[in-house]
Amino acid sequence: MLKIISLFVLLSLLAGCVSKKEEKSDCCTQKKDTKIQTKNDIPGLSVYQIDMAWNTQDNHEIRLSSLAGKPVLMTMIYTHCGYACPMMVSDLKKIEGLFTEAEREKFHIVLVSFDPDRDQPARLKTYAETQQLGTNWTLLQGSHDQTKALSVVLQISYELLPDSSIDHANSKVVLNRQGEIVYRLNGLSTDPAAVATALRQEMGD
Amino acid sequence: MIRLLVLLLAATPAPAQDMKVVPAAVFKPFFKGDSTATAVKAFTMDTKAVTNAAFLKFVSNNPQWSAQNIQRLFAEAEYLSHWTSAFTEGLDHQLANQPVVNVSWFAARAYCQSQGKRLPSMAEWETAALSAPVDSRYQNTNDIILDWYSRKMPEGATVGSVYRNQDGIYDLFGLVWEWTEDFDRVNFSDDSRNSAELPAGLFCGSASIDAADAADYATFVRYAFRASLKGNYTGRKLGFRCVKSL
């Protein structure tokens with residue numbers, strides 16, 4: 001019996017290795033199978049299927065689908081984060097820096113807070129000002145429930161820790177004009193040019 | 001009028017799922033790399049996995065979660081694929097008392113919310129699962145798990161048919177795998193500042209080094225399985241149950 005179990009474990013280990021590799025190469029390719037479309041023509045796999053209201057740094061209530069029409073560079077952060085998030089924001093600024101002023105109008109940069117209790121719109125506003133974020137940046141705060149749902153969709157997992165810090169993954173994703181994930185980059189201080197290229201492909205003319 | 005009222009009452013909810021208390025505990029994570037032990041507060045848990053019948057009722061009341069209407073972001077194509085039209089039309093009761101499977105994390109979560117409940121955290125689920133079996137052919141939970149892993153899973157097993165634990169909760173092992181709210185928790189290492197990558201050691205060769213107990217294959221398989229999931233995935237042996245904070 002033990003043999004069988006060991007075999008099972010070994011198989012799952014192998015499967016783990018294989019599927020992990022696969023994931024890297026095609027994590028973001030969309031299945032062509034998008035027969036099911038909603039009334040608003042949001043593709044079935046679009047992040048915009050999460051139909052919830054979020055608050056912006058200007059205290060406007062928006063739905064993610066209002067971002068449709070332009071590609072989006074999206075990540076998740078929280079403003080009390082001391083180290084990783086400022087680096088993430090600096091990554092995004094570097095990516096933005098690879099575009100001209102005019103080009104920057106053709107995409108959105110969106111930061112969604114992991115920490116809705118403390119990151120109220122006013123706090124996000126201050127953060128945007130301190131970080132000198134441009135007008136194409138949108139900072140969002142929603143309920144814990146929708147924040148978790150979005151993180152699962154974006155595969156940016158996080159955990160609220162008892163000391164009120166947050167353990168979280170650092171990934172950025174590019175969404176196409178319909179909100180489908182077309183590119184993902186894991187980690188910090190990684191290749192800004194690659195992200196810019198992915199974004200540019202979705203921008204059109 | 002009275003008749004209408006009676007009808008309405010009769011049509012409203014099925015008897016609520018029995019819940020039992022899982023006492024407070026300190027949960028020690030399986031992987032050393034994880035943050036240290038966490039306190040788990042006492043909570044109540046469904047005594048049995050959610051059944052096809054209960055889930056059908058949920059889908060009838062919330063048609064956006066039907067196989068026909070659900071968006072791919074929330075469940076892949078295999079969602080509820082084991083449901084026959086005879087079952088959904090109420091003509092076939094065979095599936096009724098079996099655990100619902102082929103459900104995604106989003107669907108499981110929506111179901112629990114519709115009941116005023118939530119999915120258990122991984123720490124809560126694991127804490128509940130530690131409780132030893134009573135009245136059963138198994139000595140301890142590890143026996144159940146190893147037996148479960150080493151045979152073909154029984155087709156058609158109903159909820160409550162495997163074993164009951166000391167808290168009065170059934171089949172945490174031996175029936176189906178179960179979703180947890182933070183199933184994606186093992187998808188990143190403790191030090192998120194360095195890497196958002198899956199801990200490679202979890203999967204490839206060096207796996208057992210980081211495990212709290214290298215001999216605990218059974219637990220290892222469970223964690224590896226969770227780590228392989230995404231929110232819209234479904235599985236033929238993947239179901240769920242709900243909990244409630246006290």
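**Exercise 1. Helix 5 of chain A**

Work out how helix 5 (residues 144-154) of chain A sits in this predicted model: is it enclosed or open?

*Solution.* Start with the cut-off: a residue is buried when its relative accessible area is under 20%. By that test, nine of the 11 residues of helix 5 of chain A are buried, so the helix is largely enclosed by the rest of the structure. Next, list them: Q146(A), T147(A), K148(A), A149(A), L150(A), S151(A), V152(A), V153(A) and L154(A). Finally, look just past the helix, where Q155(A) adopts a positive phi of about 55°.

**Exercise 2. The sheet of chain A**

Find the order of the strands in the open sheet of chain A, and say which strands lie at its edges.

*Solution.* Trace the pairings across the sheet: seven strands follow the order 2-1-5-4-3-8-9, with mixed pairing. The edges are strand 2 (61-63) and strand 9 (181-186) of chain A, since each pairs on one side only. From one strand to the next, the twist averages 30°.

Now zoom in on one pair. Strand 3 (residues 72-77) and strand 4 (residues 108-113) of chain A run in the parallel sense, paired over six bridges. Here V72(A) stands opposite H108(A) of strand 4.

**Exercise 3. R185(B) and its partners**

Identify which residues of chain A form salt bridges with R185(B), and explain why these pairs join two chains.

*Solution.* Begin with E159(A), whose salt bridge to R185(B) has its closest N and O atoms 2.2 Å apart. E159(A) belongs to strand 6 (residues 158-160) of chain A and R185(B) to the loop between strand 7 (177-178) and helix 7 (217-227) of chain B, so this pair joins two chains.

Then take D167(A): its closest N and O atoms with R185(B) are 3.6 Å apart. D167(A) is in strand 7 (residues 166-168) of chain A, so this pair also joins two chains.

**Exercise 4. A link within chain B**

Which residue forms a salt bridge with E178(B), and how many residues apart are the two?

*Solution.* The partner is R241(B), with the closest N and O atoms 2.8 Å apart.

Note on methods. Residues numbered from 1 in each chain as written. Chains lettered and ligands numbered in written order. Predicted model: local features only at pLDDT ≥ 70, side-chain atom pairs only at ≥ 80, totals over all residues. Heavy atoms only, no water. Pairing = 2+ DSSP bridges. Helix = DSSP H or I, 4+ residues; strand = E, 2+ residues; numbered from the N terminus. Axes fitted to C-alpha atoms, helices over the stretch in contact; angles between N-to-C directions. Buried < 20%, exposed > 50% of the residue type's maximum accessible area, 1.4 Å probe, protein only. Salt bridge = Lys/Arg side-chain N within 4 Å of Asp/Glu carboxyl O.
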